[in-house]
Amino acid sequence: QLQRFFEIFFKSSSPQQAFNNMKEAITKLLLITEVFSESPASGPNSFNQCSQCFQMLTFDIGFSTSIHPLILEVHENFDFPNEDESNIQDQTFKEFLFEDTFKFLLSNESSTSSFTEALQKIYGSTLSKDGAYHREDGPCLSLEDINSMITFIKELKSLGQFELLFPSAAPMMQTFLRDLYHMVDPMRQLGSVLTVHWLISSLLQQFQFMTKETLTDLSEWRSKKSRNSSQTIMKWLQPRNFSQENVNLKQNFPSNFIKNHEALHYSSKTKERQCSYDKDTLSHIRQIFTSPQLDLNPQFNPKIKEYYAEVPFDMVTVKIGAEPSNCQCQVHLDQKKGPSTANYLLGLGVNKIIILVTDDSQPSSQVVSSYKITISREDRPSLPLFDEYMMCGFVQDCGSRIRPEESCGLQPLSHEYLSAISQTKFKTCEAGDTKGQWIVPCLSCSDNRTCDWREITWQPHGCQYSVLDKPELQRCVEGRRILFIGDSTNRGMMYYLIERVNKTLQEWQKTHDVKCYHNINEGKTFISYSYYPQFWMNATQRPTFEKALEQLLQRSRPLENTDQTVLIVGGVQWLNSNHLQIIQKVLNRENLSNILVIIKSIGMGFHLPVDGIHSLSQAEVQNLWNENLVILDTAKNLGYEVVDTFVITMGRYKEFLQGKCGCHFHEVVKSNPSEERPHIRMTLSRRYTLGKYFGSQSKPSQLQDYATNSQSPYHVQGPINQVYSEILLSRLCANKREPVST
């Protein structure tokens, strides 16, 4: 991953050189530190060095305008800052780093024979009767020295996914060493450091010669791996060859040897997968990693293909990745060319994630198996309603303050306010953007865990929206042609309308084109829908809003220039005041200036980081408030009705359902009265989804009847969608409603 980062960051210069420069800077700093610590000028050591101790260091590296780095800071520990747990899988990387480090340090590899063979070729040494190695022209190596060298060879055999930085055969590094030795020790008294540098370089050269597994750099390792995948991870070793100049350096080295194993070599971590070439592993993944970590049930086993996990309400995202067991395979999330790691939004209820394993050994990769992870996100924690409770209200959640200058979270409601909204005679709201708040009963407004969230209700200030029963709604839409244009949130309101009018939803699909429905209200009502914007198309080929609107009008004719024709426009966040001007222009041109236009304003969404789509910063989310006001004001100035969905969704932004945008507050599910819905408890049949929001005349029983209709193959559910969809119906029928007796 570090290599890929350099390829992207330095794509206009030399990524490999920048990568090598970073490794060289780290190596030089460590060598300087080591040599100066051994220099006679540094005085006697004030600490005891441990020959079998290791220390993990963390380097902060900075690049400015060149490919040459600066080492900004060295942390004397393993420092892995994690600024956003929901955005990166730091915990997984930490576990990998620690796991591979322990494997590296605690390897059971036998290295005595390899050490003996290598040392004899280098040194012409023979083992004496007293157990020490002797050289013809100098003193011997002690047992401690021998153990240090044996450990070094053992580590070479167990590098795993580490890359050796020193010793290095790079000519620049050898020149640097000579200059360093001469600068620090012109009298050549620095015996132990020079000797160990030469010895471990020679040991490495001989060991690589014996194993015949040597490469020069990362790019060569990667290219050769693609040509011959049977090579092992040991190809990360550097350098490839030591020049004669390096070997001749031994003539100038003193004969005493180092007693400190701590400075033998320095390694840096590079992330690369482990895999097998066994055909039996072709359809398996080696591991699944998640951040935050999920408790998978059953416990992961490559042979088990389906897993289940439950997560709490406040966990709204999870990062999921996987690694294949076989070196010829790749893993992809959700689709054949999907990524191997991705960030997912977790909607309330059931979320399904598919991991595909593809065999890439053939010219055209084939899917060989799939794994499924089902994640159930719990509803908001709720306590049953007790006799003693208080009413609390809120507009915005403190986790995402849209209006920083206003209060957030639950606030206690005054007795006067409660008395005002409890009166039996309440005027009807005259607009679809009347300000209001969510009201919920709690034991304490300072703790949202004490609330009965099943009893939450939306309460406009000073008025109420009455709900039409089925006969009233059918009379309202009889003979009308209702046109919807917008994204999936607009489509959700359309299906809600169809189910309310027909008392059943016989067909449903995620339409991304133009769709016409002639079977509404026993054929007495026509509904059409056009999906906009078609974001998946190339920007130069994507139909404009004006073109899409014209096409919808043509497909929906004949149309009357009266309120018998209704145009409902809106979506999540694509709509702006320019679209409203285009609507006016097109309707005037088509002689439809007197039809009823209802504008659904923007809603919460795209506020959480997800791979593959643009997400908003907190400042951009806050700016949605002002954008929404502009849309509402412009629409009303043009004589259009409005439904303000932003003020309704912003306080409950965590209660989105499935989808990548975090903007869906509805979902269409198959109706099956014989089965329970164990994961989603939000159903439209509950009285709390209406409450005082619709006043005492709301007739909730009629809504309960249609919501539990066993004859309906499909059902639109989601209480937040229900609230603003009922407001839509109230505006649709505002001029056709008969006076309601109190």
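Helix H12 passes helix H18 in a right-handed crossing. In this predicted model, H12 spans residues 488–502 and H18 spans residues 719–732, and their axes come within 10 Å, crossing at roughly 70°. Because angles of 65 to 115 degrees count as roughly perpendicular, H12 is described as roughly perpendicular to H18. On the H12 side, the contact is made by Gly-492, Met-493, Tyr-496, Leu-497 and Arg-500. H18 contributes Asn-721, Gln-722, Tyr-724, Ser-725, Glu-726, Leu-728, Leu-729 and Leu-732. Sorted by class, the residues of this contact are 7 nonpolar, 4 polar and 2 charged.

The average pLDDT of the protein is 77, and 74% of the residues score at least 70. Among the elements, strand E23 (residues 596–600) has the highest mean pLDDT, 97, whereas strand E7 (residues 266–269) has the lowest, 30. The pLDDT is below 50 over residues 84–88, a stretch with 8 contacts in the model beyond near neighbours in sequence. Residues 212–271 also stay under 50, and for them the model has 153 contacts beyond four places in sequence.

Leaving aside residues up to four places away in sequence, Lys-305 touches Ser-283, Ser-369, Ser-370, Tyr-371 and Lys-372. Lys-305 and Ser-369 are 64 residues apart along the chain, while 8.6 Å separates their C-alpha atoms.

Notes: Residues numbered from 1 in each chain as written. Predicted model: local features only at pLDDT ≥ 70, side-chain atom pairs only at ≥ 80, totals over all residues. Heavy atoms only, no water. Axes fitted to C-alpha atoms, helices over the stretch in contact; angles between N-to-C directions. Helix = DSSP H or I, 4+ residues; strand = E, 2+ residues; numbered from the N terminus. Parallel < 35°, antiparallel > 145°, perpendicular 65-115°, else oblique. Left-handed = near helix turned anticlockwise from the far one by under 90°. Contact = heavy atoms within 4.5 Å. Nonpolar A, V, L, I, M, F, W, Y, C, P; charged D, E, K, R; others polar. pLDDT = per-residue confidence, 0-100.
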